[in-house]
Amino acid sequence: MSVSSSTNQPKNRARRVMPFFGLSLGVSVFALSLLVVLPFAMMILTTLEMGFTDIIRTIREPQVFAAIKLSLSMAALATLTNVIFGTLIAWVLVRYDFWGKSIINALVDLPFALPTAVTGIALATLYAPNGLFGQWFSKVGIALTGEPIKIAFTPIGIWLALVVVSFPFIVRAVQPVLAELSVEFEEAAAVMGASRLTTFRRVVLPEITPAILIGSGMMFARATGEYGSVIFIAGNIPMQSEILPLIIVSKLEQFDVAGASCVALFMLLVSLIVLFAINFAQWKLSARLGAKTN
């Protein structure tokens with residue numbers, strides 16, 4: 001009996017490497033259901049009260065459809081912009097040592113720390129027609145074309161606000177991957193006669209592409225639903241510079257809760273589709289890279 005109990009004891013310990021796993025899992029599922037699943041479920045139920053025909057009619061309203069088109073296009077453009085410049089910032093922070101590097105590294109997270117309304121007010125103050133930068137753009141536009149170039153209160157201002165609030169995602173996604181990537185691979189490629197562009201395209205880019213995809217998905221989801229920073233610089237002109245979150249607020253002010261839930265659910269579905277597509281692409285790419293390594 002003592003021999004069998006002593007042989008079974010290591011097996012039982014191996015099964016319970018993590019103590020209180022059941023309790024931790026239960027608390028996690030309860031918190032996730034309370035904070036995420038339940039609000040989304042209530043939003044779906046509220047939307048379904050309208051009926052399928054009313055849901056389609058709400059999405060196809062000219063004002064709503066114009067806001068959907070504007071929000072998605074500006075979010076995609078901001079994501080593409082940040083993929084380029086965010087990756088460049090991450091490269092500089094990882095590969096170079098210079099004075100003020102820690103300050104720049106801290107400034108990357110500033111859009112996370114600042115309230116979005118503060119960001120929107122600051123951008124509107126700078127790029128308004130009478131602002132510090134807005135005056136310069138107006139003068140340049142008049143000198144070149146005879147018409148002032150307007151940044152604030154136009155779709156360009158929306159794009160600018162989305163770029164500012166979402167670029168930390170790509171920097172923080174790519175930065176640790178670049179930090180772990182050994183410089184020896186690039187040096188070996190240079191010794192073999194590869195140019196810098198070829199080295200980046202064949203050595204560095206395949207390694208950081210999964211991180212870029214993950215960061216892009218988070219950026220797009222954040223930019224699609226951004227409200228606080230955009231509302232002050234967008235202009236909010238229906239059919240021109242009115243964003244989708246403002247449509248939701250307008251419907252709530254009109255006590256159209258079902259319509260607001262319908263538009264919010266559409267935003268959620270678009271973000272989920274983009275996130276799932278990017279995660280699937282990242283998984284396929286990682287599997288391909290792993291197969292090549294093996």
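Tutor: Let us begin with a loop. In this predicted model, Met-239 sits in the loop between α11 and α12 (244–253). The phi angle of Met-239 is near 70°, a positive value in a residue other than glycine.

Student: Which other loop residue has a positive phi, and where is Phe-153 found?

Tutor: Phe-153 has a phi near 65°, again positive in a residue other than glycine. Phe-153 belongs to the loop between α8 (132–145) and α9 (155–180).

Student: Is Phe-153 buried, partly exposed or exposed?

Tutor: The class follows from the relative accessible area: under 20% is buried, over 50% is exposed, and the range in between is partly exposed. Phe-153 has a relative accessible area of 38%, so this residue is partly exposed.

Student: How does one read a residue within a helix, such as Ala-78?

Tutor: Ala-78 lies in helix α4, which covers residues 62–95. Its relative accessibility is 0%, and Ala-78 therefore counts as buried. Setting aside neighbours within four places in sequence, Ala-78 is in contact with Trp-159, Leu-162 and Val-163.

Student: How is empty space inside a model found?

Tutor: A probe the size of a water molecule is rolled over the atoms, and this shows where empty space is left. Here the count comes to 2 cavities of 30 Å³ or more.

Student: How much space does the largest cavity hold, and which residues line it?

Tutor: The largest cavity holds about 40 Å³ of space. Its lining consists of Ser-71, Ile-158, Leu-162, Ala-223, Thr-224, Glu-226, Val-230, Ile-243 and Pro-245. The elements giving two or more residues to this lining are α9 and α11. Sorted by class, the lining of the largest cavity has 6 nonpolar, 2 polar and 1 charged residues. Leu-162, one of these lining residues, is also one of the contacts of Ala-78.

Student: What can be said of the second largest cavity?

Tutor: About 40 Å³ of space lies in the second largest cavity as well. Tyr-127, Ala-128, Pro-129, Gly-134, Ser-138, Ile-149, Lys-150, Ile-151 and Ala-152 line this second cavity. By class, its lining has 6 nonpolar, 2 polar and 1 charged residues.

Student: Let us turn to charged side chains. How many salt bridges are there?

Tutor: A salt bridge requires a side-chain nitrogen of Lys or Arg within 4 Å of a carboxyl oxygen of Asp or Glu. By that rule the count comes to 6 salt bridges. One of them joins the side chains of Arg-57 and Asp-54, at 2.5 Å from N to O.

Student: How are Arg-57 and Asp-54 placed in helix α3?

Tutor: Arg-57 and Asp-54 are 3 residues apart in helix α3 (residues 52–59), so about one helical turn separates them. Arg-57 is partly exposed, at 49% relative accessibility. Asp-54 is likewise partly exposed, at 31%.

Student: Which residues are linked with Lys-251 in a network of salt bridges?

Tutor: The network links Glu-61, Lys-251 and Asp-256. Within it, Lys-251 forms a salt bridge with Asp-256, their closest N and O atoms being 3.9 Å apart. Lys-251 counts as buried, at 9% relative accessibility, while Asp-256 is partly exposed, at 29%.

Notes:
Residues are numbered from 1 along each chain as its sequence is written. This is a predicted model: local features need pLDDT of at least 70, side-chain atom pairs count only at pLDDT 80 or more; totals for chains, interfaces and linings use all residues. Side-chain values use heavy atoms; hydrogens and water are left out. Helices (H or I, at least four residues) and strands (E, at least two) are DSSP runs, numbered from the N terminus. Buried means under 20% relative accessible area, exposed over 50%, partly exposed in between (1.4 Å probe, protein chains only). Contact means heavy atoms within 4.5 Å. On a 1 Å grid over the protein atoms alone, a cavity is a set of points where a 1.4 Å probe fits but cannot get out, and a pocket is an open set with protein on both sides within 12 Å along at least five of seven lines; lining residues have an atom within 4 Å of a point. Grid points are joined across faces, edges and corners, and a volume is the space filled by probe spheres set on the points. Ala, Val, Leu, Ile, Met, Phe, Trp, Tyr, Cys and Pro count as nonpolar, Asp, Glu, Lys and Arg as charged, and the others, Gly among them, as polar.
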